[in-house]
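Please read each numbered point with the structure in view.

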Amino acid sequence: MNPTAVRVERNDRLLKWFNASARDLPWRQTVDPYPVLVSEVMLQQTQVSRVIPKFDAFMANWPKVTDLAEAPTDELLRTWSGLGYNRRALRLREASQLIAANDWPDSIRGLMDLPGVGPYTAAAIGSISFGEDTPAVDTNLKRVLSRWAGEPLDGSALDAYAHDVVGHPAGTWNQALMDLGATLCTPKTPECSRCPVSEWCTQPAVYEPPPRQSRFEGSHRQLRGALLRAHLAGMDLHEAGHDLDRSEAEIDLALSALEAEGLINVAIQDC
Ligand code: SF4
């Protein structure tokens with residue numbers, strides 16, 4: 001079978017599978033770019049199961065991009081609490097402020113100029129909400145496409161391959177690949193016997209899973225999260241740090257970082 005026929009049949013099979021078994025996710029009820037932006041930023045470093053309730057709370061508090069543009073910092077961070085990497089919330093609000101003032105950018109390049117929006121998030125929003133014909137390449141897509149190609153793909157080779165095989169509409173194809181990567185084509189034990197495109201997959205074992213994230217317990221990230229939660233609850237910040245057996249120096253360092261990033265204001269809290 002020639003490459004074009006393979007691409008057409010594989011994408012056809014993939015999209016039929018997706019139509020029948022797509023995950024029921026709240027941000028998929030619409031192609032409005034605002035919920036797509038919120039969900040994609042939340043999903044950048046957080047699992048789907050943890051994002052769902054936070055996404056619902058976020059949309060209940062700030063149903064429109066103009067609402068989020070005016071969200072108070074404490075309320076914003078309280079709603080975000082539990083998702084981690086809290087600077088994402090501030091950048092998301094900054095992006096909303098720019099959109100509220102200037103409307104949505106009209107290109108992938110323009111979307112990438114928004115705070116917190118990288119190439120993947122821009123491509124996801126562009127393809128799902130604005131009909132851009134472009135693949136949204138993240139680690140899931142990288143893994144699945146490497147297995148299709150039969151070799152580990154990265155950088156420009158990955159980009160070229162993704163543009164060569166992308167199906168239409170690209171927004172649906174991207175979401176189908178996300179679901180395939182999340183449910184069947186998983187890093188360690190892909191379920192090839194249930195895969196809709198196994199007929200055209202070259203090498204399931206080709207992809208090396210990325211190294212696991214460093215331990216959360218005892219990390220600087222754990223301390224920062226605890227201090228921020230204490231701040232939002234109006235509790236003593238140093239006590240919260242001591243509860244984790246952290247030294248004064250560690251606590252001060254973490255507080256300075258949180259303050260520099262605009263996540264807390266120690267001067268106000270200490271008054
Ligand atoms: S056949 Fe296996 S390795 Fe290939 S795409 Fe499907 S699940 Fe992934």
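This is a predicted model: local features need pLDDT of at least 70, side-chain atom pairs count only at pLDDT 80 or more; totals for chains, interfaces and linings use all residues.

1. Tyr85 lies in the loop between α5 (73–80) and α6 (87–102); helices here are DSSP runs of H or I of at least four residues, strands are E runs of at least two, and both are numbered from the N terminus. The phi of Tyr85 is near 45°, a positive value in a residue other than glycine. Most residues other than glycine have a negative phi, and most peptide bonds are trans. Tyr85 is partly exposed, since 16 other C-beta atoms lie within 10 Å. On this scale a residue is buried if 20 or more other C-beta atoms lie within 10 Å of its own, exposed if 12 or fewer, and partly exposed in between, with C-beta atoms placed from the backbone.

2. Residues are numbered from 1 along each chain as its sequence is written.

3. Asp245 counts as exposed, because it has 8 C-beta neighbours inside 10 Å. The peptide bond from His168 to Pro169 is cis, with omega near -5°, and Pro169 lies in the loop between α10 (155–165) and α11 (170–183).

4. As to the overall architecture, the protein has 15 helices and 0 strands. Its C-alpha trace spans about 75 × 40 × 30 Å along the principal axes. Of the 271 residues, 32% count as buried. Among contacts between residues at least 6 apart in sequence, 61% join residues at least 24 apart; two residues are in contact if their C-beta atoms, placed from the backbone, lie within 7 Å.

5. The buried residues are Tyr34, Pro35, Val36, Leu37, Val38, Ser39, Glu40, Val41, Met42 and Leu43. They pack against α3, α4 (65–69), α6 and α8 (119–130).

6. Helix α2 (residues 33–43) and helix α3 (residues 48–61) pack at an angle of about 140°, with their axes 10 Å apart. That makes α2 oblique to α3. Axes are lines fitted to C-alpha atoms, for helices over the stretch in contact, and angles run from 0 to 180 degrees between N-to-C directions. Angles under 35 degrees count as roughly parallel, over 145 as roughly antiparallel, 65 to 115 as roughly perpendicular and the rest as oblique. The crossing of α2 and α3 is right-handed, meaning that the near helix is turned clockwise from the far one by less than a right angle, with anticlockwise giving left-handed. Pro35, Val38, Ser39, Met42 and Leu43 of α2 make the contact with Val48, Val51, Lys54, Phe55, Phe58 and Met59 of α3. By class, this contact of α2 with α3 has 9 nonpolar, 1 polar and 1 charged residues. Ala, Val, Leu, Ile, Met, Phe, Trp, Tyr, Cys and Pro count as nonpolar, Asp, Glu, Lys and Arg as charged, and the others, Gly among them, as polar.

7. α2 and α8 pack at an angle of about 150°, with their axes 10 Å apart. That makes α2 roughly antiparallel to α8. This crossing of α2 and α8 is right-handed. The contact is formed by Pro33, Val36, Leu37, Glu40 and Val41 of α2 and by Thr121, Ala124, Ile125, Ile128 and Ser129 of α8. The contact of α2 with α8 has 7 nonpolar, 2 polar and 1 charged residues.

8. The domain assignment gives domain 1 (31–130) and domain 2 (220–266); such bounds come from an automatic or database assignment. The C-alpha centres of domain 1 and domain 2 lie 25 Å apart, and 8 residues of domain 1 are in contact with 7 residues of domain 2. On the side of domain 1 that touches domain 2, the elements giving two or more residues are α5 and α6. α5 gives the most to that side, with 3 residues. The residues of that side of domain 1 divide into 2 nonpolar, 3 polar and 3 charged.
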